[in-house]
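Please read the notes on confidence together with the notes on side chains.

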Amino acid sequence: MSRPATLLLLPAAFALLLAAAPARAAGEVDCKLTFDLAGWSVFYKTASGEGTVSCDNGQRMAVRISAKGGGLSFGKSRIENGTGEFSGVHDIRDVLGTYATAEAHAGAVKSSKAQAMTKGDVSLALAGTGQGWDIGVAFGKFVLEAR
């Protein structure tokens, strides 16, 4: 093949590579989490639950949730129908993994919780109401795994 013909094919090959690039290059995806979570704390804090991540591109995934940490924390609580909103997501699998957390909490009988956490470029803001009692400050990790 002659050199001019090769030079003409390079832009076409580059355009094909760009068209075949994964959806990740298309931009961020809006994903939300709905969940139920129950746990306790006496200095050491632990909670577990399940939820569903739904994204505006049609992707859905069932997830298992675990949270562990420590600090000056005492109590027992349950959150039902909690919600979360992710940012920095390009594909639903980006939401999986371990998030760093820090929180202050207090509540009796009917309690509310709001928390923000991060995992690299992905952030998650949680909100929920539930039952139980708790008070304290805790640091730890929040883990989302596919079910």
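**Glu50 and its salt bridge**

Glu50 is partly exposed, because its relative accessibility is 45%. The side chain of Glu50 meets that of Arg147 in a salt bridge, with N and O 3.2 Å apart. This pair joins distant parts of the chain, since Glu50 sits in strand β1 and Arg147 in the segment after β4, 97 residues apart. Arg147 is also partly exposed, at 48% relative accessibility. The model is a predicted one, and the points below are grouped by topic.

**Overall layout**

- The chain contains one helix and four strands.
- Read from the N terminus, the order of these elements is α-β-β-β-β.
- The chain has 147 residues, and 34% of them are buried.
- Among contacts in the chain with a separation of 6 or more, 69% are between residues 24 or more positions apart.

**Confidence**

- The mean pLDDT of the chain is 79, and 73% of the residues reach 70 or more.
- Confidence is lowest in helix α1, residues 3-20, where the mean is 39.
- Confidence is highest in β1, with a mean of 91.
- Residues 1-25 have a pLDDT below 50, and beyond near neighbours in sequence this stretch makes four contacts in the model.
- Where pLDDT is low, predicted coordinates should not be read in detail.

**Nonpolar core**

- The largest nonpolar core holds 25 residues.
- Val53, Phe86, Tyr99 and Phe142 are the residues with the most contacts inside this core.
- Two or more core residues come from each of β1 (31-55), β2 (60-87), β3 (97-119) and β4 (122-146).
- Strand β1 gives the largest share of the core, seven residues.
- Which residues does Phe86 contact, leaving aside its neighbours within four places in sequence? They include Val53 and Tyr99, together with Cys31, Lys32, Leu33, Val95, Val122, Ser123, Leu124 and Leu144.

**Aromatic rings**

- The count of aromatic pairs is zero.
- Lys119 lies over the face of Tyr99, at 5.8 Å from the ring centre.
- Tyr99 is also one of the residues with the most contacts inside the largest nonpolar core.

- Ala38 belongs to strand β1.
- Is Ala38 buried or partly exposed? Ala38 counts as partly exposed because its relative accessibility is 36%, and the cut-off for buried is under 20%.
- Ala38 and Lys76 are 38 residues apart in sequence, while their C-alpha atoms are 7.9 Å apart in space.
- Thr101 is found in strand β3.
- Thr101 is buried, because its relative accessible area is 14% and buried means under 20%.

**Salt bridges**

- How many salt bridges does a search of the whole structure find? The search finds five.
- Side chains of opposite charge can pair when their charged atoms come close.
- One of the salt bridges joins Lys32 and Asp30, with the closest N and O atoms 3.7 Å apart.
- Lys32 is partly exposed, with a relative accessible area of 38%.
- Asp30 is likewise partly exposed, at 33% relative accessibility.
- Asp30 and Lys32 are linked with Glu85 in a network of salt bridges.
- Lys32 is also among the residues in contact with Phe86.
- The side chains of Arg78 and Glu80 meet in another salt bridge, at 3.1 Å from N to O.
- Arg78 counts as partly exposed, at 41% relative accessibility.
- Glu80 counts as partly exposed, at 45% relative accessibility.

Definitions and conventions:
Residues numbered from 1 in each chain as written. Predicted model: local features only at pLDDT ≥ 70, side-chain atom pairs only at ≥ 80, totals over all residues. Heavy atoms only, no water. Phe/Tyr/Trp six-rings, centres within 6.5 Å; stacked < 30°, edge-to-face > 60°. Lys NZ or Arg CZ within 6 Å of the ring centre and 35° of its normal. Core = buried A, V, L, I, M, F, W, Y, C linked by side-chain atoms within 4.5 Å. Buried < 20%, exposed > 50% of the residue type's maximum accessible area, 1.4 Å probe, protein only. Contact = heavy atoms within 4.5 Å. Salt bridge = Lys/Arg side-chain N within 4 Å of Asp/Glu carboxyl O. pLDDT = per-residue confidence, 0-100.
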